Amino acid sequence: MSDITREQVLEYDRSFNQHPWLTGNIAPIPVERAEGIYFWDYNGKRYFDMSSQLANVNLGYGNKDIIAAVQKQVEILPYIAPAYASGPRAELAKKLIDLAPDNMGKVFFTCGGSDANEAAIYAARTYTGKSKILSRYRSYHGSTLGSGNLSGDPRRFALEAPAATGFLKFFDPYTYRSSIEFGSEQEAADYYLGLLEDQIQYEGANMIAAIEVEPITGANGVIIPPDGYLQGLRRLCDKYGILLICDEVMAGFGRTGKMFAFENWGIKPDIISFAKGVTCGYVQLGGIIMSKEIAEYFNDNTFLYGLTYSGHSLACAAGIAAVDYYQEHKILDHVNEVGVVFGQLLEEIKAKHRSVGDVRYIGLFGAVELMKDREKKIPLVPYGYDENKTMARIQKLLKDRGFAAFGRENNINITPPLIITEEELREAFEILDEVLTIVDEEFLG
Ligand SMILES: Cc1ncc(COP(=O)(O)O)c(C=O)c1O
């Protein structure tokens, strides 16, 4: 552990740490400790962790079962190279296959979500012998070369190099911002699937290895697809011999009230990428779950992809304890119960604040979309260009009052730990309500 003073934390951090996605001259909150759904800064100020950090600390802080599992494992076998079999790696793989749909065969472990998607790209291209991969504009799949090129949001721009070819984008079923008034969810689904089918034909189905989607778009605004969309996407993939990869890095592990988000529409992907909630941040872990067909292919063909820390003992021990905790403590039931209150609170926020254009939610996965003019659907900040740092100022107003969340573009994403109680939710929403009152009065112009 580190026992340097608050002043040293600030000084060393400013001098020696480069934080991701930020300029070097920022002043981050120095965080000292955490428990349950809260964390505290070095001045003793308490924050509601309304994003579960990066939507990964699903079971909150101080989970005794996960802590004990990691402590025990570090003494027995802290690490063993991926070429060996080990208890934690074998047991967690078995548990994940048991959780996944019945078409799934094997797990390949990585250190997080970006490299999980790299592995998914590798497996899909190798298995199909095809190279193109389609993903959506409003998506984030990671920031390594392949996963960064899969991502559709502007975080891909720095990684779009000539070397990374074959990554194509299609439009998201983002019905709230569509200029078309759809009569039903199925009509919306059919419209977007029709566009995608044209694109598949123009690109050549015989060259497309996979379509990868976040079943529910996460960081880019919790976009929940219209009913029929994922089922139709599965059918399109089957029709054209394309693999369907579901990125469950953020939406998986109970966030939507199901273990995996795609279960909300009853589909079975060919590959699932996962990370975040599998260990809830106690140790970093990610991976892919491959269908039986793909796993069988790699029984006879070398899996030419690897990482020193694939299936790290401590990470897998944390994963076993986390998965057991989700099940033994009926976390999904809790998410479904408290998710009803979450939805009501979001609807109340929308009814009360003219800055709120839309609220989207499922389980404890929510977003508040802020508009400058909600009748004309003009977003509070234009896409990719928040010149006045408006959203950062709003996030600061929230943090100053103890509500920590994150968002992109004109969205505030709200993804609290899945153990949050109704009382805690209500208390946190009072802060959101107070800040949106300021936004209504001072930010709409
Ligand atoms: C859907 C999704 N995929 C992949 C990633 C990348 O995961 P990591 O940051 O663990 O590399 C993220 C991260 O936020 C994500 O939300």
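Predicted model: local features only at pLDDT ≥ 70, side-chain atom pairs only at ≥ 80, totals over all residues.
The largest share comes from β11, with three residues. The lining of the second largest pocket also draws on both domains: at least three residues come from each of domain 1 (6–62 + 330–442) and domain 2 (65–328). Sorted by class, the lining has twelve nonpolar, five charged and four polar residues.

The aromatic side chains come next. A pair of aromatic rings is described by two values, the distance of the centres and the angle of the planes. The structure holds 25 aromatic pairs. One of them joins tyrosine 191 and tyrosine 192, with 5.0 Å from centre to centre and 80 degrees between the planes, an edge-to-face arrangement. Tyrosine 191 has a relative accessible area of 35% and is therefore partly exposed, whereas tyrosine 192, at 8% relative accessibility, counts as buried.

Phenylalanine 303 and tyrosine 305 form another pair; their planes stand at 85 degrees and their ring centres are 6.4 Å apart, so this pair is edge-to-face. The angle decides the class, because planes over 60 degrees apart count as edge-to-face. Tyrosine 305 is partly exposed, at 23% relative accessibility. Both Phe303 and Tyr305 belong to one aromatic cluster, together with Phe108, Tyr122, Tyr127, Tyr297 and Phe298.

Two arginines are placed over aromatic rings. Arginine 46 has its charged end over the ring of phenylalanine 48, at 5.1 Å from the ring centre. Arginine 155 lies over the face of tryptophan 21, and here the distance to the ring centre is 5.4 Å.

Some residues apart in sequence can also be compared by their C-alpha distance. Isoleucine 438 is part of helix α13 (residues 422–442). The C-alpha of isoleucine 438 is 9.8 Å from that of serine 355, while 83 residues separate the two in sequence. Isoleucine 438 counts as buried because its relative accessible area is 16%, and the limit for buried is under 20%. Glutamate 337 belongs to helix α11 (residues 331–352). Glutamate 337 has 58% relative accessibility and so counts as exposed.

Cysteine 280 is found in the loop between β9 (271–274) and β10 (286–291). With 1% relative accessibility, cysteine 280 is buried. Lysine 389 also has a positive phi, near 55 degrees, and is likewise a residue other than glycine. Its place is the loop between β13 (378–379) and α12 (390–400). Is lysine 389 buried or exposed? Lysine 389 is exposed, because its relative accessible area is 56% and the limit for exposed is over 50%.

Methods
Residues numbered from 1 in each chain as written. Heavy atoms only, no water. Helix = DSSP H or I, 4+ residues; strand = E, 2+ residues; numbered from the N terminus. Nonpolar A, V, L, I, M, F, W, Y, C, P; charged D, E, K, R; others polar. Domains from an automatic or database assignment. Phe/Tyr/Trp six-rings, centres within 6.5 Å; stacked < 30°, edge-to-face > 60°. Buried < 20%, exposed > 50% of the residue type's maximum accessible area, 1.4 Å probe, protein only. Lys NZ or Arg CZ within 6 Å of the ring centre and 35° of its normal.
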